[in-house]
Amino acid sequence: MKKQVQSSQRSESWTVLRLIRWTTKYLTEKGVKKARLDAEVLLADLLGLTRVDLYLNYDRPLIPSELAAFKERVRRRAVFEPVAYITGHKEFYSLDLKVTPEVLIPRPETELLVEEALKIAQKRLTETEDSEMEPFRVVDLGTGSGAIAITLACHLQQAVIWALDISKSALNVARSNAEQHDLNARINFMQGDLLDPLKDQIDCFDLIAANLPYVPWSAFDGMDPDVKDFEPRLALDGGEDGLDLIKKAIAQAAPLLKSKGALLLEIWPTQVSRIREAGEAFGYGQVNVCKDLAGHYRLAILMKNNPGG
Ligand SMILES: C[S@@+](CC[C@H](N)C(=O)[O-])C[C@H]1O[C@@H](n2cnc3c(N)ncnc32)[C@H](O)[C@@H]1O
């Protein structure tokens, strides 16, 4: 009798629910933090379903090829490879973006930068007389997957965008995302160090948005292995205090911005006072900061001229 039970358990098929439960337990034992969520996302993506669909298909058995492919995904996640590199894509501001290990995985925090950029743009565009209307010129500095450039192009029909990165392979991913969303006609991709490719375009830009590497060295040890062992160091490392590139960008952006232009910088929460100092030193009229949903300072907005002054 005991033998019969064992063999019937062995032949029990791997249904969606059984796999989710097994994978959640396995990934939890390996130290993966959101194991259930990851199990569901990896399985739903593999089967071409949404996570809600999974709940409606709990009893669906997997065929052997699906099972083998899922096993490989779980093996990769168990050594902390990020889910988005395994599935090859990530949602950002409701847009689906391709991601590869050559680019940073777009973060929800960066949606704050996009929201504030859109608010500034919409205010500027409503203030501008139709007769004065010219393209709204935006730079996405350190474009990576193209997340910021593509989202802004999507939501600002009047915008022409320059998407810059030092990494050629990141720019290839960004280009492919722009094509996917049919936006390459309005996005110019340029490779180079910071704003060097645009250095002659004085007083030209309405917005410069930059999510540059800003992680200070002291923070690397405390980072999750998903980030520090898999995402490109080039996208994260901002030097000893995290400000190496940001300070240069503050200096370079000032002459390139129009008089009502703004520089938006994603930042590490402890960098606020040094960013204010740099803003003052390079003649910006006002520096505002915003907190992310976790209550950390995450965004600095440097207005070229003081809007109240
Ligand atoms: C934090 S990632 C941001 C990626 C993307 N904008 C996002 O928000 O998801 C920073 C990006 O800056 C790029 N980068 C690093 N150093 C740079 C430099 N000196 N000039 C231009 N881009 C640089 C990296 O290649 C990386 O793609």
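Residues are numbered from 1 along each chain as its sequence is written. In this predicted model, local features need pLDDT of at least 70 and side-chain atom pairs count only at pLDDT 80 or more, whereas totals for chains, interfaces and linings use all residues, and side-chain values use heavy atoms, with hydrogens and water left out.

The chain is assigned domain 1 (2–79) and domain 2 (92–303), bounds that come from an automatic or database domain assignment. The centres of domain 1 and domain 2, taken over C-alpha atoms, are separated by 38 Å.

In soluble globular proteins, nonpolar side chains tend to be buried together. A nonpolar core is here a set of buried Ala, Val, Leu, Ile, Met, Phe, Trp, Tyr and Cys residues joined through side-chain atoms within 4.5 Å, where buried means under 20% relative accessible area, exposed over 50%, and partly exposed in between (1.4 Å probe, protein chains only). The largest nonpolar core comprises 37 residues, and those with the most contacts inside it are Leu152, Ile161, Ile187, Leu207, Leu264 and Ile301. Helix H7 (residues 110–127) gives the most to this core, contributing eight residues; helices (H or I, at least four residues) and strands (E, at least two) are DSSP runs, numbered from the N terminus. When residues up to four places away in sequence are not counted, Ile187 touches Ala149, Ile150, Ala153, Ile161, Ala163 and Ala178, contact being defined by heavy atoms within 4.5 Å.

Helix H13 (residues 272–281) has Val272, Ile275, Ala278 and Gly279 as buried residues. These residues cover an arc of only 125 degrees around the axis, which puts them on the same side of H13; the arc is that of the directions from the helix axis to the C-beta atoms. On the other side of H13, Glu277, Glu280 and Ala281 are exposed. The cover over the buried residues of H13 includes helix H12 (244–256), strand E8 (286–291) and strand E9 (297–303). Just after H13, Gly283 adopts a positive phi of about 80 degrees.

The structure holds 20 salt bridges, each defined as a side-chain nitrogen of Lys or Arg within 4 Å of a carboxyl oxygen of Asp or Glu. In one of these, Asp226 pairs with Arg77, with the closest N and O atoms 2.8 Å apart. This pair links distant parts of the chain, since Asp226 belongs to helix H10 (residues 225–228) and Arg77 to helix H5 (residues 64–78), 149 residues apart. Asp226 is buried, with a relative accessible area of 17%, and Arg77 is also buried, with a relative accessible area of 6%.

Arg274 forms a salt bridge with Asp241, the closest N and O atoms being 3.4 Å apart. Arg274 lies in helix H13 and Asp241 in the loop between helix H11 (233–236) and H12, so the pair ties together parts that are 33 residues apart in sequence. Arg274 counts as partly exposed at 29% relative accessibility, as does Asp241 at 25%. Finally, Arg124, Glu134, Asp206 and Lys258 are linked in a network of salt bridges.
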